[in-house]
Amino acid sequence: TVAMGIVSATGRTLPRSGVTLEDLIQTDATINSGDSGGALVNLRGEVVGLLTTVIRSGPGGGEVRDVGFAQSMDSLRPVVAAMVAGGRFPRARIGIERPDEQHVEINPEVATQRKLPVQQGALVLVARPESPAAKAGITAGDIVVGVNGQPVTYEVPMVNLLKRLPRGARVDLAVLRAGRPIIVQLTPEE
């Protein structure tokens, strides 16, 4: 099936399931449930994005139509190149990436509910055993407020900063532990 797929915005971000999707193309292309992953092509037939997600309802609960998002090929190109060259694209992991399982992204509501000293960051729930984070001493209750000098915010959550990390490069995490700021250094693994 071919739809018009008119692009109304590029470079969009969208919070979704504990992560913030970045570098999205907003389009009116039809994306039915289970249909994500199709190509978004330009008039020359070049793939410019992969259809990723759709908005079905607005903040007030009303139905929304024709608001879909495609992941830009600019951000997918390194992944595709690695897959073609080596058959896989391993991500750098430190052991606290999984939202709502290993950490909770902090916003003002979470900060109030949990009586936290900051309005933004990532509250560690658990570090995966034997992970770089666990080996570096990250424990439940630590709050990650920065990754390599970049602040962790609700708009740019920790998981987005971590997914940009190169494997094998040292990482400095700015952490609040019992209200005191510390820097924890670790090296991500595949």
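For my first entry I count a polar contact as a pair of N or O atoms within 3.5 Å, one able to donate a hydrogen and the other to accept it. I am keeping in mind throughout that this is a predicted model.

**Entry 1: helix 1 and its ends**

I began at the start of helix 1, where a side-chain oxygen of Ser72 comes to within 3.0 Å of the backbone nitrogen of Asp74. Next I checked the length of helix 1, which has 14 residues and covers residues 73–86. At 1.5 Å a residue it should span 20 Å, and I found its end C-alpha atoms 19 Å apart, so the two agree. Just after helix 1, I noted that Gly87 has a positive phi of about 80°.

**Entry 2: a pair inside helix 1**

Which side chain meets that of Asp74 in a salt bridge? I found Arg77, at 3.0 Å from N to O. Asp74 and Arg77 are three residues apart in helix 1, so about one helical turn separates them. Asp74 is exposed because its relative accessible area, 56%, is over the 50% cut-off. Arg77, at 46%, counts as partly exposed.

**Entry 3: other salt bridges**

My count of salt bridges came to six. As a reminder to myself, side chains of opposite charge can pair when their charged atoms come close.

One of the pairs I looked at joins Glu101 and Arg98, at 3.5 Å from N to O. Here Glu101 is partly exposed, with 45% relative accessibility.

I then turned to Arg177 and Asp142, whose side chains meet in a salt bridge at 2.7 Å, N to O. This pair links distant parts of the chain, 35 residues apart: Arg177 belongs to strand 10 (residues 171–177), while Asp142 is in the loop between helix 3 (132–135) and strand 8 (143–147). Is Asp142 buried or exposed? At 2% relative accessibility, I have Asp142 down as buried.

**Entry 4: Val152**

Last, I looked up Val152, which sits in the loop between strand 9 (150–151) and helix 4 (158–163). I list Val152 as buried, since its relative accessible area is 3%. Leaving out residues up to four places away in sequence, its contacts include Glu105, Gln120, Gly121 and Ala122. Val144, Val145, Gly146 and Val147 are also among the residues that Val152 touches, as are Pro157, Met158 and Leu161. I also checked Ala174, 22 residues from Val152 along the chain, and the two C-alpha atoms are separated by 9.3 Å.

Terms used. Residues numbered from 1 in each chain as written. Predicted model: local features only at pLDDT ≥ 70, side-chain atom pairs only at ≥ 80, totals over all residues. Heavy atoms only, no water. Helix = DSSP H or I, 4+ residues; strand = E, 2+ residues; numbered from the N terminus. Expected span 1.5 Å × (residues − 1). Buried < 20%, exposed > 50% of the residue type's maximum accessible area, 1.4 Å probe, protein only. Contact = heavy atoms within 4.5 Å. Salt bridge = Lys/Arg side-chain N within 4 Å of Asp/Glu carboxyl O.
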